[in-house]
Every structure is written in C-alpha cells, then in structure tokens.
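Subject: Handover of a structure and notes on its contents

Dear colleague,

Please find below the structure that I am handing over to you.

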Amino acid sequence: MSAGSLIAADLVVAVLVSAGWLGAGGAAAAGRGRVALGLGLFALLATVVRAVTVVALARAGWWFAAEKVLIAGPFAVAGVAVAAPSLVRRRAAAVPLLFAGYTSIAGLLVSLLHGYPVSVGAGLLAAAGVLAATVATWRFVGPRPSRRVFRAAVLASVAALVAGTGFAVSPGSPSGAGHAHIAPSGAGHAHIAPSGAGHAHTAPSGAGHAHTAPPASVGRGTATVVGKPARRFTLTAATATVNVNGRNVQAWTFNGQVPGPEISATVGDVIEVTLRNKDIDRGVTLHWHGYDVPNDQDGVPGVTQEAVLPGHEFVYRFRADQPGTYWYHTHSASDIGVRKGLYGVLLVHPATSEVDSDVVVPVHTLDGVVLPAPEEAAVPAGTPVRLRLINTDSTTHRYAPGGSYRVAAIDGRELRDPPTVSGTALLIPAGGRYDVVMTAPAALTVDGRLLWSAGGATAAPDGWPVLDPLTYGQSAPGPFARFDRTFTLVLDRGLDLRGLLPRYAHTVNGAADPDIPVQSVRLGDVVRFRIVNRSLVVHPWHLHGYHVLVLSRNGRPATGSPLWLDSFDVRPGEVWEVAFQADNPGMWANHCHNLPHADAGMMLHLMVSG
Amino acid sequence: MRRAFVIVSTVLLVVFALQFVFAAVGAFTRPQGDSSYALHSLTGMAVIPALCILTTLSAVLAKAPGRLIAMTLLPLGLTLVQALLAALSGAFTDAAGGSTTVGLIVGGLHAVNGIIAVHVVVGIVRAASRFAQPATASITPKSSSTVGGAA
C-alpha cells in the first residue's frame, strides 16, 4: 500500500472510530444497551486498526504520523481507558463512551486543521474541547458526577483553553512566525509608459530597467546586459471573445488570441518582449515558465516587478541560451489569468536541428474546451517528428503517443540516452513539458482524446503503463558532493486564521502565504529540498529561476538519466529530494503550480543573496 | 424557547433540502470547474454546521431531554463525515486526476450520508414540534419532559 493510500485509509478508519464511539454513546443514552455494546466493540476494533495504519504511516515518514502519535495517540489511549471498562462489564454507560468519541473526534480535527508541525497549542485546544464536551454531556446525560469532579473538569477545560490559545498565538509558535516581507526588487526599474493613446506607438527602448538593475540581479554573467535584441515581440493583454472549436468564449488574451503568439528564437539570439496591458484590471506580467532568467525578468508581481496595470507596459529582455520547450504566462492573478488564456509557447531552438517536423501541443482547458483543436497533419511516412508536449493547466494530463517514441527532453533539458518505448503513457504535471521524438505515421492522445495524428492512431491507451522518468535513460554521476543547506517542505491543508477571514488553506510547514518565512541561502550554496506531501491531493512543485536535479523519490534514488526539472508532481504520501546550486541571485517564488492551491496559500520564497 | 428550537431545526431542515438543490446546481454547471460547487461547499462547510450548533444550543436552552439533545448533535457529526467523504473521493483519483472505482464508491457514500442526515433532521424537527406542543398546554415542566422523553 502506498503512503498516499495509507493517508486516506487512516482517515477513513479514524472517522469509523469516532462514529463507533459516538454511536455507542448515543445508543447507551437512548437505553439501547446491546446496540451500544456492539458499536463500542466495533470502535475498539477500529482503534486497533488505526494503531496499525498510524504505525505504517510513521514507517513511511515521521511527517505523516507525528500528530497522530503525539496528540491523537494519547487521546485514543485515554478514551479507550475510560470506555473499555464499561464494555468489559457489559454495562454500556453513555458518558464514558461519548468521552471516547470526543477524544477520537478531537484527534481527527487536529490532523485536519493543524496537523503539521505538531503544536502544543493545537493539542491543548483539542483537550479543552474534549473536556468541555464531556462536562456538557455530564450536565445533560446520565448520572451526574460529584460536584468536585465536575468542577475539576470545568477548571481543567478552561485552563487548557487559555494555555492552548496562548501557545497558538505566541510569536514563538511555528504557525505564528510570520515575518515574510517581500519587497519588489525590481520596483525601481519597472518600465511604465505614459498611459493613454501614446503607448500604442511609442515603444520605449526597454534599456532603462536593464541598466539600472541592482548588482544583486547581475547574476549569470552577462544575462542582464544582454546586448542588441534580435527577436522583438509585442504582447498586448486584453479581454476578447475567441472562437474555440466553434464556440465563442470570453477570454483574456495576448494579441487577441489563445494561446498567445509563439515566441521562438535560436540559441544566441536576444529576445525582447514588450508587454502591454490594455484592459486586464488585475494586472499582468510575463513569467517564463522553466526558462531560467535573471531575477528582474522573472515576472512575479510584488517580488521581481510591479504588475503591469491597464495602460502601462514592461519590457523583458533576455538571452536565448537554453534550448528547449518552455511557456510563458501571467503571474498576476495567475489562477484566473492563466485559466482564461494569458499564456503562450516559448521555444528556443538549437543552432542545428535533427528533426524535420516540429509540432507544439500546448494543452489547455479554456472554459471547458480542450485546446489545441485536434489536428490531422500531412507528414510523409518515415519523417521524424518532434512533439513538444506542454501542460498549461493546473492538473496533470495523460499523454499517450501512438507508435514507438523516445522522450528526448523533459522541462527543456535533454535526457541522456533515452531508450525507445511504445505502448506507454506519459503523465505531465501542471506546467511540465516533454519533448517526444517519433517517426511518422504517429498520433497523440491526451486524456483519451485524439489531439494530433499524422496517419497514425492510438489503440486503447487507457490501460497503458506510465513511463517513470526516474528510471528512464542512462544515469550519470551526480554533480553534488555535499549540500550546504537542506530545507524540508511539508505540504498539507490547515486552518489559516491570520487573514481577515478564516480559510482552509493549502499550507507549507503549517503556514500559508504570505506568512511562510522566506528561506535564505548564499550565492553558490548547494541547496537540497525535501518535499513531503501529507495532503490528499497532488501538488505540482515549481521553483522559479532554477532547474532542480531529482535525487530520490520515497527514499529510492533516481536511477535513470539525470533529471533536471522545473515542474514535478509530488503525489499524496510522496517524499521527493531535489537539489540545485544557487547560482542565480534574487528573490525566487517557490510554489505549487496547481494555481488555485498557490492562491490558497501554497507559495513561499527563496532568497539567494550574493 | 421551545418554539425557537422548532424554528431553528426547521430552518436547518430547509437548508438541508436546499443543499440538494445546490448539489444539482454544481452537477449541471457548464463548464465544470473548481467553482461549480462553490455554493454547495459554502453551505455545507459554514451555514449547516452553524445551524447545527444553533439547533443544539436551542435544544439545550429549551431544556429538551438529554436524548433529544444528543440527537441534535448527530447532524453535525454527519456533516463532518460528509465533508470528509467529499475530500476522500477527490483523494481516490488516478495519477492524471481521473475517477477511480473506490473514489466513486466514496462519492456515492456522500449522497447516502446526505440522505441519512436529512432523515435525522426530519426526526429532530418532529421531536421538537412534539416537545413544543404540550408545553403550551402543560402546567408543570415535569409532564412535558416525560412527553419529550418518549419522543
């Protein structure tokens, strides 16, 4: 059983335990002694099963089980100790059984609302809840205890409540340690053109921001002062009605189209893109997804630049020196912005190409319609085709190339000796890219829908096994002998009370954006990230500014070609270890690329200072 | 206060009925997206739990018998289970986010649990009305609590 299934199974068993005890207590209160005994025994049995699932989770990783052992464990022991005697005596009493129910519910709520890291505050608040519920039950159900016991319980409950609240809000607690102050490093050189009609034809030189960049931004040699642009593009963001597969959709577009214009260049070119905003009120930026640019070109509003508001513009300029398949998208209001169409393809071609036919498949779901429209291409048999598969959605897609193929590159980085495979599907995470080389006749199915074909067809790809990139291709010795810094990111859900309204946030180490502390490293450090998914959903992880080398997954080292990724799915129960050398200075976003998750708190920052 | 108990529990029942309407709204919204079920989840995770607690509170204040108070706690528990079933159904998906048999079974239980919860609330409304009726006629609270206890 995978750790992901274990997490779900453990949750189900925990619910059964609670339901069993509470049902038994209710039945006892209603005078149904035999039903109460039966349910009580069921709850006891389920508690034993829960012990097994928790031990199994602890073996998969302490992160998965910590609060279940340290908080829910003692609670369960107390509940069983109080309830079991009445079961053994075969005389079901309501209050002890309900007490056991409250302890199991409290443990469950701690896991769901603030599971990681284990906090004294959460434990005490849970204890206060259990005691208060028990006192209230005593008051209304069954024989009342002696006045002294009753008063002691009330007192203990209030004490736990006060202490728990104290721990929860004290600045020393992990959830209260918010000191993330991220100033836009590029604020001084955001290129803002005069608003009004002028912006349409007065294209500024774009050199302003490049020359005034602070020293920290001049990272990769000559990256910032890039020289004379050879490839100039202008992207104007505007709302528009676009026709997709015969349907009119209200979209947010670059130059009136979805996806936006393809930006392509050849290694050695200098790319200059002028971004203008016509009427996107929430502002736009351009983030070059997977293309590792200097920090001030990264397009993260509030961090590397200000969002470009209607009537304004910003000029991006960087050198085309990393051949491969990339994409660009707005990072301002990114969830709604990308979903509504503010994205496009970025290609950097090598100086010489080995294939004749180059096909880009940027999959996107626009208002329920899957893009691009299915295409029948006329490619002569025997012609090699490079299919550049891009996932621009927030969730994983399943790509099934019909015919034999090899995966030449992932996330813009060539793989080492990729073997030819067939009858194998590819799972591409949100934001990820796979370059697949096939020979016509060939075809491509995405999520069971034929999207592209050149005289080929895919037969029943549903049952195909999935290619595991960690075991694909030839391995090579890793470049990192030591790690200067190691960060563990535990992904989960939790209650976030720090905003105006409470929200059930997607959290990293128990905190949600903007309250996750910035992680700082020095320029040149070799940094290792350990990413642990405690939640029930997939989190496609995406660090800006870098490709990371995959070291291991679930403790098993990657044995295939060295994998340098910028987007990778961390599934429930998985633990990934990745590493990179921090050679690109600046403040970098590090977030889940399921953009609704990022909006709901799963976003932090890495500061690389010189 | 007994009247308040009847009113609050009836409002809870109405919102539970509406919740089925909101589920249908989510199911028939095109295109399907994260926000299709916004109304359903908001009602289920905020409005219904709040009304459940209000119902229990009004039952306590109306001095309803322990059994009836215990019964008013049941919808809250079932609502918690309901939210968990919805989350678990989402957890049992294949790697590409597609449904699996287990996920659909868990999703089906979400509906079954919803039906059970509505039945419990119907029972509470009936018991609350019975509990309120003799209250207007009876003179001593003792007699009323006997009637309530028999509910």
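The notes that follow describe what was found in this structure.

Please bear in mind from the outset that this is a predicted model.

**Chain A as a whole**

Chain A has 610 residues, and buried residues make up 56% of them. Its secondary structure comprises 9 helices and 31 strands. Among the contacts in chain A with a separation of 6 or more, 75% are between residues 24 or more positions apart.

An unreviewed UniProt entry carries the annotation "domain: Plastocyanin-like", which covers residues 239–351 and 509–609 of chain A. In the model, residues 239–351 of chain A are 5% helix and 43% strand, and the C-alpha atoms at the two ends of this span lie 37 Å apart. Residues 509–609 of chain A are 5% helix and 51% strand, with their end C-alpha atoms 23 Å apart.

**Where chain B meets chain A**

How many residues of each chain take part in the contact between chain B and chain A? On one side there are 15 residues of chain B, and on the other 19 residues of chain A. The size of an interface is often given as the accessible area lost when the parts come together. For chain B and chain A, the buried area is about 1600 Å², and carbon and sulfur atoms give 81% of this area. Helix α3 (residues 66–91) of chain B gives the most to the side of chain B that touches chain A, with 9 residues. That side of chain B divides into 12 nonpolar, 1 polar and 2 charged residues. Between the two chains, the count of salt bridges is 0.

**Salt bridges**

Side chains of opposite charge can pair when their charged atoms come close. Over all chains, the count comes to 23 salt bridges.

The side chains of E313(A) and R276(A) form a salt bridge, with N and O 2.7 Å apart. E313(A) belongs to strand β6 (residues 313–319) of chain A and R276(A) to strand β4 (residues 270–277) of chain A, so this pair ties together parts that are 37 residues apart in sequence. E313(A) counts as buried because its relative accessibility is 1%. R276(A), at 9% relative accessibility, counts as buried too.

R534(A) and D492(A) also meet through their side chains in a salt bridge, at 2.7 Å from N to O. This pair links distant parts of the chain: R534(A) is in the loop between β23 (526–533) and β24 (539–543) of chain A, while D492(A) is in strand β20 (residues 485–496) of chain A, 42 residues apart. R534(A) is buried, at 6% relative accessibility, and D492(A) is buried, at 7%.

In the salt bridge between D411(A) and R433(A), the closest N and O atoms are 3.6 Å apart. D411(A) is in the loop between β14 and β15 of chain A and R433(A) is in strand β17 (residues 433–439) of chain A; these distant parts of the chain are 22 residues apart. R433(A) counts as buried because its relative accessibility is 0%.

Finally, a network of salt bridges links D358(A), R386(A), R388(A), E414(A) and D435(A).

**Two residues to look at in the viewer**

Is D411(A) buried or exposed? D411(A) is buried, with a relative accessible area of 1%. The loop that holds D411(A) runs between β14 (405–410) and β15 (413–414) of chain A. Leaving aside its neighbours within four places in sequence, D411(A) is in contact with several residues, among them T325(A), Y326(A), G432(A), H547(A) and W564(A).

R151(A) lies in helix α6 (residues 147–169) of chain A. With a relative accessible area of 54%, R151(A) is exposed. R151(A) and E574(A) are 423 residues apart along the chain, and their C-alpha atoms are separated by 47 Å.

Yours sincerely,

A colleague

Note on methods
Residues are numbered from 1 along each chain as its sequence is written. Chains are lettered from A and ligands numbered from 1 in the order in which they are written. This is a predicted model: local features need pLDDT of at least 70, side-chain atom pairs count only at pLDDT 80 or more; totals for chains, interfaces and linings use all residues. Side-chain values use heavy atoms; hydrogens and water are left out. Contact means heavy atoms within 4.5 Å. Buried area is the accessible area (1.4 Å probe) that two parts lose on being put together, summed over both. A salt bridge is a side-chain nitrogen of Lys or Arg within 4 Å of a carboxyl oxygen of Asp or Glu. Helices (H or I, at least four residues) and strands (E, at least two) are DSSP runs, numbered from the N terminus. Ala, Val, Leu, Ile, Met, Phe, Trp, Tyr, Cys and Pro count as nonpolar, Asp, Glu, Lys and Arg as charged, and the others, Gly among them, as polar. UniProt positions are given in the numbering used here, feature names are shortened, and annotations may be inferred rather than shown by experiment. Buried means under 20% relative accessible area, exposed over 50%, partly exposed in between (1.4 Å probe, protein chains only).
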